[in-house]
Every structure is written in C-alpha cells, then in structure tokens.
Amino acid sequence: MATETVGDAVPASQRGSWSSFLKSIASFSGDLSSLTAPPFILSPTSLTEFPAYWCERPDLFAAIADAKEGEERHLAVLKWFISTLKDQYTSRNEELGSEKKPLNPVLGELFYAYWPDKNGRGQTNLLVEQVSHHPPITAYVIENKTKGLKLVGHNAQKTTFSAGSVIVKQIGHAVLTVKGVEYVITLPRLRIDGLWYGSPYIELIDSNHIIGENFVSLIEYKGKGYFSGKSHSFKATVSPASAEAPVAATSSSSGGGLGAWVGYGSKNSSSTSLSGKEHVVEGTWHETSSWVKGAGKGKFHDSSIGKEDFVVVGGEPNGEMGEFETRKLWNLVAKGIREGDFELASTEKSKIENDQRQRRKDEAAANTKWALKHFKHEANDPIYERLGKFAKINPPTEDRYTFVGNWPPSLA
C-alpha cells in the first residue's frame, strides 16, 4: 500500500486535506464521529434520513402482517430485513461513486415522510428525531396502521480505526410490533474500507439476530472468500427459540438496531409452525439469496425488486417545514456538496454548527435542557431485557426512546 498514491480517487485539489484527514484518523484515540471530514467526502444527506432505508420496499414490510403467525411470519420478517440491507449499506456507493459521510444531525432535527397506499397495502409513515448530539442518537418510528405494523427504535454509532479501516459499532435497538406481537432485531457491525484511495465502501461484519414468535434467526456476515466467496455474503440460520437457539461466536453480535418480542407463556407467543425445524438461507445481501435448508426452495430474496422512494412532508400545522426539519436546515449545505461548491458547503455547515454551540451555551446559562418533541427517554427497555436472553444478546440491558404518538398533521 505504501507504494500507491494516497487519495487516487480524490479530486486533485483535495488530496492534501484528505491525506491530513487520514493522519488524523490514524492518530485519534476516541470516537471518530467527532472528527470533521473534508467536504468532498460528505454526503448531501443528513443521518436523520437514514431510517427511511428500513422501508424502501414497503410491499415487503406490509407482507409481514399478511403472513401466517408463527414461523411463516418470522421468515417474512427475515426476508424484509435482508432486503433492506442493500439500500442501507451499498446504495450510496452506486449513486455517488463511494460511501460518503452523512451530515451529523443537530439536536432536535426532524424528518417526516411516507410511502403511499398501493393495492391495499396501506400508507406507511416515517418520523425521525435527533434526540441527542453528544453522543449522536437518532430515534424513529415507522408505522403502517392499516396492517398493524409499527417499528420504533433508536440508533447510534461508535467508530474506531483499526488496521486501515474504520470499524462502526451500531448501538441501540427498536421494537417491531406486528398485530401486537413483538420482535427483537439487532444489527451487525460495519467495516469501512477503501479509505487510503479516498473511495470508501462498507462491508458488514460479525452478526445480528432476529427474535420473534418462538424463533431465532442468526445472520452471519462475511466478505470475499467466505460462504459464497463474494463480498457482502451472509448466512441466515433460523431455529426454534430454546436454550440451544443459535448464538453468535463473537461478543459483538448484539450490534444495535431494531428490537423486541414477547416470550414463552405470554399471550403473544405462538405455536403456529411450518415445520419447527431449522432453516438456512445463504447469498449476498446486496443481490440475491437462496434457500439451502428448510421450508422453501429456490430464491429467498432479490434486492433488485420493489424499491420505492418516499414522499417528504413538512411537520408544521400548515404543512410547511420548520427550521429544524432536515431538508430545510441543510438545504444550502447539500446544494454546495452536490454542485461541488465546497466553500459554500463549508461556510453554511459552520453557521449551523456555531448556532448549535450557542444554543447549548444559552441552555447551560439558563439551567435548562432541550425538550424532545416526539420521544420520551427511558433508562431501561424491559422487552429487550426479557427477550434478548433467548439469543444471549450483549449488552443484556439497554435504554429506549418511546414514541409519544404525536404524529404531525401531515401524517396523522
């Protein structure tokens, strides 16, 4: 690597700043999220828009509710989950040429959107709020009232540098509720490679779990040379929930992400089953996967099918966007990034950051605290704590952000 030119994929005028940025990463001992990245590597999209990736295939999300309760519905949740990964982790590479660092949301930043009703599937609404800035924490709710589906969660990232790559540990979880039945879904870690050349890309590593309706899915991720020998490879094993349920070999299996289910003896547990036996699916999460063992045959998922864009709406009573709504707040910064006007992007980004610093100083002086608009913070999530034990999730307890139910008029 030392014989190659640093930043081969970086604009010539920006290679000096990119080289300095790499040196900063390599020598930094804390969380990398606090470092300022060169403008050319920034995404024009704020992190508050990222929860939308969970539902860019709304037909698959709605299909969860149509599946028979028990094993069949658990497999529908797994299919939906795997189908979300391409949008979350490779779509920016395809659209922008490489992975870009999203804009770091300000405290109180908001984003509202929906996917319209088609063919009776119901409308799916999205609400996102930045509930913390230090550390950055994003809370969100996705709901399809027609189908009785709701996903509520929060997500944060802890980033470190190791062996030339950035390792991202995703922290947090959410509750997926399907007609009163709840699921735990955790997330894998990410490894960002390609930094030396200025062309970053994401690979999923380690594993995550889906726990629900008396079944546990263990999804293991490996890059090239494992399972199928291709990048973005995965293997999902689905087993009846028991003391012998599949557990990841590494302590990082909990990841963070989406979560909760109700366990044995509760009114929400179900004995409905296709077979009660193990199922195995293998493939590449950004393309397709197939059944290897279990109830199905042939293709399991296809990430080239069914992607739909969301419709952005304003959250004010008159339907307009407020000053803290993502698309309005970052408008000029995003314009500068898209047009390659890095001076504009840098100047406008500094204005927003300086305004935030002043707001925090004013709050400290007045001995007040920023009030959340849509979520209530709770120190413990009893659902996560009670049900995570079926996959020995680590950490065994986590906090949560509960949605208080106040959708804006545009989504009510």
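The legends below accompany close-up views of a helix pair and several salt bridges in a predicted model. Residues are numbered from 1 along each chain as its sequence is written, and side-chain values use heavy atoms, leaving out hydrogens and water. Local features need pLDDT of at least 70 and side-chain atom pairs count only at pLDDT 80 or more, while totals for chains, interfaces and linings use all residues.

**View 1. Helix H6 against helix H7.** Here are helix H6 (residues 331–339) and helix H7 (residues 342–366), whose axes come within 7 Å and cross at roughly 155 degrees. H6 is therefore roughly antiparallel to H7 (over 145 degrees, on a scale from 0 to 180 degrees between N-to-C directions of lines fitted to C-alpha atoms, over the stretch in contact). Helices are DSSP runs of H or I with at least four residues, strands are E runs of at least two, and both are numbered from the N terminus. The crossing is left-handed (the near helix is turned anticlockwise from the far one by less than a right angle).

**View 2. Residues between H6 and H7.** From H6, Leu332, Val333, Gly336 and Ile337 meet Phe342, Leu344, Ala345, Glu348, Lys349 and Ile352 of H7 (contact means heavy atoms within 4.5 Å). Seven of the contact residues are nonpolar, one is polar and two are charged; Gly counts as polar, and Glu and Lys as charged.

**View 3. Arginine 121 with aspartate 59.** These side chains meet in a salt bridge at 2.8 Å, N to O (a side-chain nitrogen of Lys or Arg within 4 Å of a carboxyl oxygen of Asp or Glu). Arginine 121 lies in the loop between strand S3 (110–115) and strand S4 (124–133), and aspartate 59 in helix H2 (residues 58–66), 62 residues apart. Arginine 121 is buried at 5% relative accessible area, whereas aspartate 59 is partly exposed at 44% (buried is under 20%, exposed over 50%, partly exposed in between, with a 1.4 Å probe and protein chains only).

**View 4. Glutamate 213 with arginine 73.** The closest N and O atoms of this salt bridge are 2.5 Å apart.

**View 5. Arginine 359 with glutamate 323.** This salt bridge has its closest N and O atoms 3.7 Å apart. Arginine 359 is partly exposed at 25%, and glutamate 323 is exposed at 53%.

Note on methods:
Angles under 35 degrees count as roughly parallel, over 145 as roughly antiparallel, 65 to 115 as roughly perpendicular and the rest as oblique.
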